[in-house]
Amino acid sequence: MLSWIVFLPLLGVALCALLPKSQAHNAKWIALAVTVGDLVLASLMLLRFDVAASGMQFVTDRAWVPQAGIRYTMGVDGMSAPLVALSALLTLLAVVASWKIDKKPAFYFSMLLLLQVGMNGVFSALDFVLFYVFWELVLVPMYFLIAQWGGPRREYAAIKFFLYTLLGSVFMLIGIIVLRLQLDTFSLTELAKLGPTLPADVQWWLFAAFFFGFAVKVPVFPLHTWLPDAHVEAPTAGSVLLAGVLLKMGTYGFLRISLPVLPEGFASWQFAIGVIAVFSIIYGAAVSFAQTDVKKLVAYSSVSHMGFAMLGIAAGTAAGLNGAMAVNISHGLTTGMLFLMIGMVYDRTHTRQISELSGLANQMPVIAGLMAFASFASMGLPGLSGFVGEFLSLLGAWQSTALDAWLVIAAVLGVLFGAAYMLWMLQRVVMGQPSHVVADQPDASIREIATVVPLVVLIVVIGVYWDALLRFTDPAMTALAKVVGG
């Protein structure tokens, strides 16, 4: 089943490529059918998932390059299964949100589907070389989505995104080669058993290499500068998948590889990661205040929110690691929804300037209401999904013996800053009389409302019934916390 989830979108890519030019507009129907099928398979996987088990499930293991010891090994646990489902859901919503794309539609939807192959593959691969192949595969379709369908500075943003993440990948590749030379295996499950036996100084250097590989993707300060440009210039679907799924690949790398394979290296880096996480929380929130472009504001807010995920990882406790996973899922839902709402407003007004977008509530009450809902969820309001991750990350950090209390207090200030800039944005954009670009614009269509309804439902369900998510993540996170001494 897992291989079908990963590679089904590749069938859609092939079908789109075979479409004659006169039928290229039908690519959206192919993409819709494939992504619906992928979401159904991912949902069946979650239904059949044994939540009481902490090990790998749905495992497939075949020889791939036996001469080099590289295997096609796939599997999921409570850490990766929710992320595969999140990828399937957001890609389907990205396809629906792209329904009016008329510039090279076959190429466009092929890139969305190829991106899904890479994302699903990263969260499913259990061989380090296979993981790296999927990790690099993601760069190509996202580069073309930004460079071909982006804004006025799309080429600059696409190149910056590609070079930053490729540079991080080079450090990761060095780490993979050194691990192979030291432990004679690419299997992630074997590395988790053998890695802790490595000398502490070797673990320190390997952790450093993987830190730069994964931290660029999260991203954390000061490796974040590619993110605002990529978000602002990317088309709506690109922003949704970039914030909703691609950033999670970075935190997933820490949880899947850095912590279990290199626990002594993590212990040496633990406090520094906590400091970087809190600085990212404060910095991202402060810079959001200075933005005049609402999309750029949400982009910088991602730096702040992903800082909470990194704080939970730095804690190393079961609560903190569960919090990191909850932030991952919640940020994918809330920020994905915010970018969808911003895209709807931009399609009508052709501007994202906050100063030009007053009075949405009077002219477009449904869009304004949904944008306010997503903003409150992003603030971490109790009863919505954002609260779960932030609360558990802060609780885990407080329980951690490796982090100081002042770090937790500073992170709490970040929660206040986050609420402040979101309320500032809502007051300027939603309230007041409609501006000249907002006046006479239509409200959300049925298709647009249908696009965000699944996100609204999941944000409320996770926010009210925490066990809906934690029942999947807790066995794997508790086992990981024991490895790192949390």
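Is alanine 52 buried or exposed? Alanine 52 counts as exposed, at 68% relative accessibility (buried means under 20% relative accessible area, exposed over 50%, partly exposed in between, with a 1.4 Å probe and protein chains only).

## About the model

This is a predicted model, in which local features need pLDDT of at least 70 and side-chain atom pairs count only at pLDDT 80 or more, while totals for chains, interfaces and linings use all residues. Residues are numbered from 1 along each chain as its sequence is written, and side-chain values use heavy atoms, with hydrogens and water left out.

## Where alanine 52 sits

Alanine 52 belongs to the loop between helix 2 (27–48) and strand 1 (57–65) (helices, H or I with at least four residues, and strands, E with at least two, are DSSP runs numbered from the N terminus). From alanine 52 to phenylalanine 373 the C-alpha to C-alpha distance is 33 Å, and the two are 321 residues apart in sequence.

## Salt bridges

There are eight salt bridges in the structure (a side-chain nitrogen of Lys or Arg within 4 Å of a carboxyl oxygen of Asp or Glu). One of them joins aspartate 229 and lysine 160, at 3.0 Å from N to O. Aspartate 229 is in helix 10 (residues 226–233) and lysine 160 in helix 7 (residues 154–183), so this pair ties together parts that are 69 residues apart in sequence. Both aspartate 229 and lysine 160 are buried, and a network of salt bridges links Arg153, Lys160 and Asp229.

Let us look at two other pairs. Arginine 180 forms a salt bridge with aspartate 184, their closest N and O atoms lying 2.6 Å apart. Here arginine 180 is partly exposed at 23% relative accessibility, whereas aspartate 184 is exposed, with a relative accessible area of 57%. In helix 8 (residues 188–194), lysine 193 and glutamate 190 are three residues apart, which means about one helical turn separates them. Their side chains meet in a salt bridge of 3.8 Å, N to O. Lysine 193 is exposed, its relative accessible area being 59%, and glutamate 190 is partly exposed at 33% relative accessibility.

## Core and buried residues

The largest nonpolar core has 180 residues, of which Phe128, Phe131, Phe161, Leu179, Leu246, Phe254 and Met337 touch the most other members (such a core is a set of buried Ala, Val, Leu, Ile, Met, Phe, Trp, Tyr and Cys residues joined through side-chain atoms within 4.5 Å).

Helix 6 (residues 139–149) has buried residues including Leu139, Met142, Ile146 and Trp149. The buried residues of helix 6 pack against helix 4 (105–124), helix 5 (128–137), helix 7, helix 10 and helix 11 (236–261).

## Helix pairs

Helix 14 (residues 318–349) packs with helix 16 (residues 365–379) at an angle of about 150 degrees, their axes 9 Å apart (axes are lines fitted to C-alpha atoms, for helices over the stretch in contact, and angles run from 0 to 180 degrees between N-to-C directions). Helix 14 and helix 16 are therefore roughly antiparallel (angles under 35 degrees count as roughly parallel, over 145 as roughly antiparallel, 65 to 115 as roughly perpendicular and the rest as oblique). Leaving aside neighbours within four places in sequence, methionine 337 is in contact with residues including Leu370, Phe373 and Ala374 (contact means heavy atoms within 4.5 Å).

Helix 12 (residues 263–289) and helix 13 (residues 294–315) pack at about 155 degrees, with axes 7 Å apart. That makes helix 12 roughly antiparallel to helix 13.
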